[in-house]
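Colleague: I would like to learn how to read helices and strands in a model. Could we go through some cases together?

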Amino acid sequence: MSRKSAEPTVKAHNASVLTELPFADRQDFTDAERGFLGTLPDATISNDAGRVVWSMTDYAFLADDAAPETVNPSLWRQSQLNCRHGLFEVVPGIYQIRGFDISNMTLIEGEHGVIIIDPLVSIEPARAGLALYRQHRGNRPVMAVLYTHSHTDHWGGVKGVVSEEDVASGRVPVIAPEGFVEAIAQENVLAGNAMVRRAQYQFGPLLPKGPQGQVDAGLGKVLSNGTVTLIAPTDLIRRDHERRTIDGVEIIFLMAPDSEAPAEMHMFYPAFRCLNMAENAVHNFHNLLPFRGAEVRDSRAWARYIDIALANFGEQADVLIGQHHWPVWGGERLRTYLSKQRDLYKYVHDQTLRLINLGHTPNEIAELLELPDSLAHEWHARGYYGTVRHNAKAIYQKYLGWYDGNPAHLDPLPPTAAAKKFVAYMGGFDAVLEKARADFAKGEYRWVAEVANHLVFADPTHQEARNLAADAYEQLGYLAEAATWRNSYLFAAHELRHGPPKLAGRSGIPADALAALPLDTFFDLLAVRLNGAKAEGKRMVLNWVFTDVDEIIALNLENAALTHRIGQRAVHADATLTLTRKTLNAIMLQQTTFPEAVASGKVIIDGAPARLVELLGMFDSFSPSFAIVEPRAV
């Protein structure tokens with residue numbers, strides 16, 4: 001089934017947005033284009049095999065000034081701004097690559113070379129960005145790499161700008177905030193498969209690009225599809241006001257843990273009078289809980305970190321940059337900007353807590369809470385990535401958890417069982433469809449989506465129910481100001497019409513990130529894959545000896561739970577496995593299997609090999625295509 005046009009209710013709402021927000025204010029467009037030095041044609045970047053990993057070609061439709069009826073005009077504006085790409089001069093000596101990935105790569109010139117901050121998602125865009133910089137600024141060597149925080153789009157392209165040999169030799173330091181590697185493991189590993197699947201909804205990478213499809217991701221267009229790498233930090237920043245002088249450039253650091261990322265830091269470059277806020281003051285309201293999943297972020301701390309940066313460097317800075325979007329120039333402008341960013345996070349935090357203490361539930365708070373006009377009419381406070389509605393729910397979850405206190409919600413029926421009851425109580429499929437279609441005609445898409453979802457979960461083969469649910473999601477997507485909401489709604493519609501994507505099961509962990517994980521985390525991941533029902537009544541102990549990293553782990557299975565002890569060898573183990581960490585990584589990356597590694601001598605088993613085979617048979621494999629908007633096949 002093809003995509004539909006906007007319904008009259010959607011057209012009217014999107015037209016009204018043009019009168020509600022200050023579209024005559026074009027300062028962001030001026031700032032986004034300022035300092036442009038050059039780019040690649042359509043920012044098209046390919047890997048060594050010739051496969052395109054990044055291109056702006058598919059976004060050519062955004063050149064149209066007027067928003068189509070199927071896109072919220074506010075989101076259309078943000079999507080246009082995020083189309084600017086190439087090399088930009090911030091001030092003499094500081095440059096940014098923008099629009100070569102979802103994030104920015106910042107380059108600071110020193111006495112002999114260049115310092116690189118956040119080398120994008122993957123090797124290919126980072127390499128292309130550095131080459132473009134050198135084309136305009138000369139072939140300066142890389143003197144250091146800095147990661148502002150622990151999210152992949154800020155470190156994944158590191159091997160496109162520096163080699164492991166240069167780092168290992170000590171010639172090029174890699175600097176990151178304390179807890180950087182641990183945060184990568186914490187956020188991306190144990191629930192990694194689910195996050196990969198949910199990210200398909202959040203970012204919309206599998207949606208067609210266009211006025212009826214994906215137009216943006218809020219922070220940028222989408223993530224590049226290249227080779228993700230990691231070089232572990234050689235130097236950690238641990239406290240506020242630590243300083244480093246790199247190639248003659250002084251950098252002053254401020255810590256910002258548990259804000260946008262578990263490990264994050266801000267920087268001030270005194271010689272350039274430039275403040276870098278990493279991802280904590282970008283040109284939209286950020287996520288306190290992204291749709292892909294994460295631990296809830298602390299909006300109170302987030303506001304405090306912005307204020308600390310403002311208090312320490314607001315009077316000294318002439319330009320503000322971030323690792324997404326475009327800079328803000330001028331001391332007074334950036335101080336006003338930071339003040340409003342601070343107050344945005346603080347206001348939503350405090351007002352959510354006020355409503356919580358008045359007894360309101362998450363859904364009620366989302367309906368009640370609105371920004372004051374002084375924030376609501378600032379473009380950089382608009383909800384293109386996070387929104388007031390779902391960030392308020394995240395704050396509720398942080399303080400009170402998932403339960404709203406109403407016992408009716410304490411132990412509800414699961415979706416399929418509940419859906420069948422709802423449909424029966426409402427008179428059956430035909431009666432529900434008739435009422436839902438009438439509400440759809442009145443523009444009540446939120447309610448129709450909820451009702452149609454029950455129909456789909458009651459009978460996922462009912463085509464009329466699937467069609468109606470898809471139509472409702474689609475109109476909600478056309479209404480959404482948040483790119484994340486639009487992508488989620490439109491991908492839901494796409495899956496109901498065409499089914500989930502056919503993706504091969506694979507490790508969602510980049511090889512370099514896996515290699516950097518402590519073994520402790522690997523064995524936690526192994527435990528997550530254990531199928532408890534299959535392990536019921538089983539008992540075994542296996543020693544693991546890693547010869548290349550000189551570590552021993554005793555793995556214990558009992559009570560259907562897998563536990564391990566680092567640095568201990570069990571005396572009465574069923575078997576002892578001797579291998580290298582490199583071999584274990586290859587198995588986890590599905591480059592080989594345990595039986596193949598045993599056959600080739602890369603894994604040596606002393607004891608009962610059958611016990612390892614038995615254990616492996618208890619593990620589940622995870623698919624990145626599990627059902628979301630319909631019942632999961634049993």
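Modeller: What follows takes a few features of this structure in turn.
This is a predicted model, in which local features need pLDDT of at least 70 and side-chain atom pairs count only at pLDDT 80 or more, while totals for chains, interfaces and linings use all residues. Residues are numbered from 1 along each chain as its sequence is written, and side-chain values use heavy atoms, with hydrogens and water left out.

Colleague: Which residues of strand β13 are buried on one side and which on the other?

Modeller: Begin with the general idea: in a regular strand the side chains alternate between the two faces of the sheet. Helices (H or I, at least four residues) and strands (E, at least two) are DSSP runs, numbered from the N terminus. Buried means under 20% relative accessible area, exposed over 50%, and partly exposed in between (1.4 Å probe, protein chains only). In β13, M265, M267 and Y269 on one side are buried, as are H266 and F268 on the other.

Colleague: Which strands pair with β13?

Modeller: Two strands pair if DSSP finds at least two bridges between them. Strand β12 (residues 249-255) pairs with β13 in the antiparallel sense over four bridges, with M255 opposite M265. Strand β14 (residues 274-276) runs antiparallel to β13 and is joined to it by three bridges; there, C274 is the bridge partner of Y269. The hairpin of β13 and β14 has four residues between the strands, and R273 takes a positive phi near 50 degrees.

Colleague: At what angle do helices α7 and α17 cross?

Modeller: Axes are lines fitted to C-alpha atoms, for helices over the stretch in contact, and angles run from 0 to 180 degrees between N-to-C directions. The axes of α7 (residues 192-203) and α17 (residues 483-498) cross at roughly 110 degrees and come within 5 Å. That makes α7 roughly perpendicular to α17, a label for angles of 65 to 115 degrees (under 35 is roughly parallel, over 145 roughly antiparallel, the rest oblique).

Colleague: Is helix α16 largely enclosed or exposed?

Modeller: Of the 17 residues of α16, 15 are buried, so this helix is largely enclosed by the rest of the structure. Helix α16 (residues 463-479) reaches 24 Å from its first C-alpha to its last, close to the 24 Å expected at 1.5 Å a residue. The expected span is 1.5 Å times one less than the number of residues.

Colleague: What is the strand order in the open sheet of five strands?

Modeller: The order is β19-β18-β17-β20-β21, with mixed pairing. β19 (561-566) and β21 (604-607) stand at the edges with a single partner strand each, so one side of each is left without a neighbour in the sheet.
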